[in-house]
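Please consider the sequence and the three-dimensional structure shown here. The discussion turns to helix packing and then to charged pairs.

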Amino acid sequence: MFNVVFVLGPPGSGKGTICSKIQENLGYVHLSAGDLLRAERERAGSQFGALIESHIKNGSIVPVEITCSLLENAMNLHKTANGFLVDGFPRNADNLSGWSKQMSGKVHEQFVLFLSCPVDICINRCLNRGEGRTDDNVDSLKKRVETYNNQTFPIIEHFGKLNMVREVDSERPVEEVYEDVVKVFEAANQM
Ligand SMILES: Nc1ncnc2c1ncn2[C@@H]1O[C@H](COP(=O)(O)OP(=O)(O)O)[C@@H](O)[C@H]1O
Ligand SMILES: Nc1ccn([C@@H]2O[C@H](COP(=O)(O)OP(=O)(O)O)[C@@H](O)[C@H]2O)c(=O)n1
Ligand SMILES: [Mg+2]
């Protein structure tokens, strides 16, 4: 049974930044759904490259069968991890139902880390991220924020009703955000 923590929040809220610090210090393996999709897009011989790129540019969500299989394959490469940080997933109802279908009985979902940050700040962070991503431009960001508001936030609310959401204000400097995030992990694991 793999321990899983879902990490959600608007684009640019700091999911990747915080996950890499947790991975470094707490023995969880960071799996970014976006990074896995970008790697699959680049993989020679992938039949999904063009489909993935069109979703990424449009800020829409790739069908779960693709994303969930990438996540499960990556988890199987790290069988001894303390747990997995599943970053940027589940982002819509299709993601959630596909995950449940494919992963139930194989994973224990510990909690959802929700990094909350005002959207205007998030957009500025993305525009200054400097990773050369095809979706870090004003047009794509508008669509990504719309997708977040209409599809992802309802998923966070769904987990909220199950008392699974741990919200941390990620508008603050990284060190302060991280300090609070560590407390959440300590409480969950009684470290
Ligand atoms: N707490 C923070 N304060 C200021 N900048 C941040 C903070 N967290 C992340 N960043 C920066 O914002 C950008 C987006 O962060 P990232 O971790 O990629 O977010 P996400 O994965 O949620 O899109 C990066 O350039 C990162 O260095
Ligand atoms: N579960 C997911 C995660 C990302 N994606 C796609 O990948 C894009 C980038 O996701 P990301 O997690 O790397 O973006 P950030 O929130 O880190 O900025 C999203 O806008 C979607 O198009 C997806 O389709 N399904
Ligand atoms: Mg990210």
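This is a predicted model: local features need pLDDT of at least 70, side-chain atom pairs count only at pLDDT 80 or more; totals for chains, interfaces and linings use all residues.

Helix α1, residues 15-26, packs against helix α8, residues 174-189, at an angle of about 55°, and the two axes lie 10 Å apart. The angle makes α1 oblique to α8, and the crossing of the two helices is right-handed. On the α1 side, T17, I18, K21, I22, N25 and L26 take part in the contact, meeting V174, E175, V177, Y178, V181 and F185 of α8. Sorted by class, this contact comprises eight nonpolar, two polar and two charged residues.

Because the two residues are three positions apart in α8, about one helical turn separates K183 from D180. K183 is partly exposed at 49% relative accessibility, and D180 is likewise classed as partly exposed, at 24%.

Across the whole structure, a search finds 14 salt bridges. In one of them, E72 pairs with K106, the closest N and O atoms being 2.9 Å apart. E72 belongs to helix α4 (residues 64-76) and K106 to the loop between α5 and β4, so the pair ties together parts that are 34 residues apart in sequence. E72 is buried, with a relative accessible area of 16%, whereas K106 is partly exposed at 36%.

A further salt bridge joins the side chains of D169 and R172 at 3.8 Å, N to O. Finally, R129, R133, D135, D136 and R144 are linked in a network of salt bridges.

Conventions:
Residues are numbered from 1 along each chain as its sequence is written. Chains are lettered from A and ligands numbered from 1 in the order in which they are written. Side-chain values use heavy atoms; hydrogens and water are left out. Axes are lines fitted to C-alpha atoms, for helices over the stretch in contact, and angles run from 0 to 180 degrees between N-to-C directions. Helices (H or I, at least four residues) and strands (E, at least two) are DSSP runs, numbered from the N terminus. Angles under 35 degrees count as roughly parallel, over 145 as roughly antiparallel, 65 to 115 as roughly perpendicular and the rest as oblique. A crossing is left-handed if the near helix is turned anticlockwise from the far one by less than a right angle, and right-handed if clockwise. Contact means heavy atoms within 4.5 Å. Ala, Val, Leu, Ile, Met, Phe, Trp, Tyr, Cys and Pro count as nonpolar, Asp, Glu, Lys and Arg as charged, and the others, Gly among them, as polar. A salt bridge is a side-chain nitrogen of Lys or Arg within 4 Å of a carboxyl oxygen of Asp or Glu. Buried means under 20% relative accessible area, exposed over 50%, partly exposed in between (1.4 Å probe, protein chains only).
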